[in-house]
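Thanks for asking me to look this one over with you. Here are my notes, point by point, to read with the model open beside you.

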Amino acid sequence: MGGHEGGQVASGIAIETVRDVYLAYLDNDPSEGLLTAFQDAHAAIQAYAREHPELRGMGTTCTAVALRDRDLYYGHVGDSRLYLIRDSGISQVTDDHSLVGRLLREGQITPEEAAVHPERNVLTAALGMDSAVPGDFSEAPMPLFSNDILLICTDGLHGLVSDDELQQIASSHQPSDACRELVRMANDRGGFDNITVQILKVI
């Protein structure tokens with residue numbers, strides 16, 4: 001958001017702030033730690049934009065996970081996604097904070113229409129936007145099991161690679177190899193946006 005430079009700066013601020021604030025959080029509730037980290041990142045991005053008017057409007061999506069033993073906690077804002085791959089299935093854990101995501105949840109458009117909608121990249125929430133953090137945070141831990149796979153990615157990947165393909169590649173490759181293959185697939189199909197992916201397999 002806010003042009004290439006603005007989005008890059010906002011993403012960097014978000015990564016550093018969420019990581020540092022969460023790791024320094026002393027309470028025992030991972031969800032509260034993630035919420036505090038997102039709030040601080042949101043404020044830091046807005047403060048930086050005020051100091052640098054040329055970056056006004058900058059913002060970033062953010063999806064972060066915390067693991068406590070085998071329990072998953074997450075924080076999420078924007079249209080990056082967290083997927084859970086279990087057995088032979090894949091499920092999208094997070095909801096897209098986008099215009100098309102809302103229309104899809106309300107049943108006003110079909111998944112096929114969403115994939116080609118002209119406003120599919122219009123966000124309704126992001127870190128740095130002029131509002132309080134409207135993100136989603138896990139209300140209860142999600143138990144994980146051996147061989148579960150977590151996949152986090154930006155819309156530069158899930159906009160070009162189907163859920164079935166994400167599941168197939170992540171399940172049949174080592175995580176690092178799967179990341180490289182998925183980025184290659186997205187680039188071969190146009191690579192129209194930032195392509196970021198992280199994969200974690202539970203052992």
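1. Axes here are lines fitted to C-alpha atoms, for helices over the stretch in contact, and angles run from 0 to 180 degrees between N-to-C directions.

2. Who makes this contact (heavy atoms within 4.5 Å)? From α6 come Glu165, Leu166, Ile169 and Ala170, and from α7 come Ala178, Glu181, Leu182 and Met185. By class, six of the residues are nonpolar, two are charged and none is polar. In this scheme Ala, Val, Leu, Ile, Met, Phe, Trp, Tyr, Cys and Pro are nonpolar, Asp, Glu, Lys and Arg are charged, and the others, Gly among them, are polar.

3. A word on where this comes from: this is a predicted model, in which local features need pLDDT of at least 70 and side-chain atom pairs count only at pLDDT 80 or more, while totals for chains, interfaces and linings use all residues. Residues are numbered from 1 along each chain as its sequence is written, and side-chain values use heavy atoms, with hydrogens and water left out.

4. Next, find the open sheet: four strands in the order β4-β3-β7-β8, with antiparallel pairing. β4 (89–92) and β8 (197–201) are at the edges with a single partner strand each, so one side of each has no neighbour in the sheet. Helices (H or I, at least four residues) and strands (E, at least two) are DSSP runs, numbered from the N terminus, and two strands pair if DSSP finds at least two bridges between them. β3 (residues 81–86) is joined to β4 by four bridges, and Tyr83 stands opposite Gln92 in β4.

5. Now put the helices and sheet together. Helix α6 (residues 163–172) lies across β3, β4, β7 (149–153) and β8, at about 60° to β3. Helix α7 (residues 175–188) lies across β7 and β8, at about 150° to β8.

6. Finally, which residues have the most contacts inside the largest nonpolar core? They are Val18, Phe38, Ile45, Met58 and Leu127, in a core of 21 residues. Such a core is a set of buried Ala, Val, Leu, Ile, Met, Phe, Trp, Tyr and Cys residues joined through side-chain atoms within 4.5 Å, where buried means under 20% relative accessible area (1.4 Å probe, protein chains only). Its largest share, six residues, comes from α2.

Key
Contact = heavy atoms within 4.5 Å. Buried < 20%, exposed > 50% of the residue type's maximum accessible area, 1.4 Å probe, protein only.
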